Amino acid sequence: MHELSLAQNLLDQLLQLSKQHDAKIVTKATVIIGPFSGIVVESFAFGFNAIKQDHPPTATADLILETPAPEYICLDCNTINTGDAGTTNEHPKAVYETINDKLCSACGSSRLSPSGGTELILKQLEME
Amino acid sequence: MCDVCGCQLHDHHHSDSKIVEVNQSLLEANQKQAASNKTHIEKMGAIAINLISSPGSGKTTLLERTIDELGDSVKIGVIEGDIETERDADRIRAKGVPAVQLTTGGACHLDAPMVHGGLHVLEHFGKGKGFDIIFIENVGNLVCPATFDLGEHHRAILLSVPEGSDKPVKYPTTFKGADLFMITKTDLLQHFDFDIEEAKSEALKIQPDLDILCFSSTTGEGFDQWITYLKNLLSA
């Protein structure tokens, strides 16, 4: 449910940046959502697409979501192991639980822990 | 070929289109306010603990017993987050401790700007006596509060025995951001199929540095470890 308030943050940013750059409309916004951010990608997109229509500069903005692959650090040798990436606009499922089936690629340890991946970043903006 | 840039792609135009690299966190506004809250809390002479859990896991009862156990030795302040009512703040005030009620009116979490407002009111209620610990009791929700830093020094997750020991696996994001995992209502262990070792080991897989405490606010079993934990935080 907090996805809507985060989508509102994105909308505020887009309106502010389009004004700052004297642009009439935002055509595309690229956002990175980390796999351990606790943000549901589909809900975030749904929320944004619902509220963007309230403002002429964002009404037709395309939202591009990048979902980086989850990374797991080995607690024994500190190697970063990369998990499976999700498809476009969707995170891989069960990014935490899949740890149980994985072993460190370097030392074979089963002691892997989620690393980073909590980001929500406005990466790039296209305006006209 | 495109006349403007010489590239082979024909599906783009150069009218007034501009691309801006932003690379800014959408949580930045909240993070900035959280950093300022932290400074504010430290100026008040205190540390803050953000309590996150499902509704009914025993956050307010924990605070009531903590106030009783610590007595006058530690100056406590409480910021309560709920969707509606002053009920939790009233329970804390009944113990003679300053409490501010934040009602979100529907929002599923507290954010840093709300807590900023709460800190100012708490200072006013404190009548210049100062604070050692400020507890921020988040809105009962094991999901959304995890995303929002409030400026706390420590984040504690409560899980009560009736909720089940599978919750760390089911709500991992919340456990990933925590410093302390508190298993509450241990007096009910005999009535529920709660596997303490499962809860502990799953939580530690997600967050290896997690401190874990088990206790009952009703019987007081294990409560002295929590009090010692708090005193260690204060003397650190």
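**View 1. Chain A, an overview of its elements.** The secondary structure of chain A comprises two helices and six strands, where helices (H or I, at least four residues) and strands (E, at least two) are DSSP runs numbered from the N terminus. This is a predicted model, in which local features need pLDDT of at least 70 and side-chain atom pairs count only at pLDDT 80 or more, while totals for chains, interfaces and linings use all residues. Residues are numbered from 1 along each chain as its sequence is written, chains are lettered from A and ligands numbered from 1 in the order in which they are written, and side-chain values use heavy atoms, with hydrogens and water left out. Along the sequence, the elements of chain A follow the pattern α-β-α-β-β-β-β-β.

**View 2. Helix 4 of chain B and its buried face.** Helix 4 (residues 112-125) of chain B has 14 residues. Its buried residues (under 20% relative accessible area, 1.4 Å probe, protein chains only) are B:A112, B:V115, B:G118, B:L119 and B:L122. Seen down the axis of helix 4 of chain B, these buried residues fall within an arc of 110° (taken from the directions from the helix axis to the C-beta atoms), so they line one face of the helix. Among what covers them are helix 1 (28-43), strand 3 (76-82), strand 4 (99-103) and strand 5 (133-137) of chain B.

**View 3. The two ends of helix 4 of chain B.** At the start of this helix, a side-chain oxygen of B:D111 reaches to within 3.1 Å of the backbone nitrogen of B:M114. The helix is followed by B:K127, whose phi is positive, near 50°.

Conventions: The expected span of a helix is 1.5 Å times one less than its number of residues. Buried means under 20% relative accessible area, exposed over 50%, partly exposed in between (1.4 Å probe, protein chains only). Contact means heavy atoms within 4.5 Å. A polar contact is a pair of N or O atoms within 3.5 Å; within protein, one must be able to donate a hydrogen and the other to accept it, and residues adjacent in sequence count only if both atoms are side-chain atoms.
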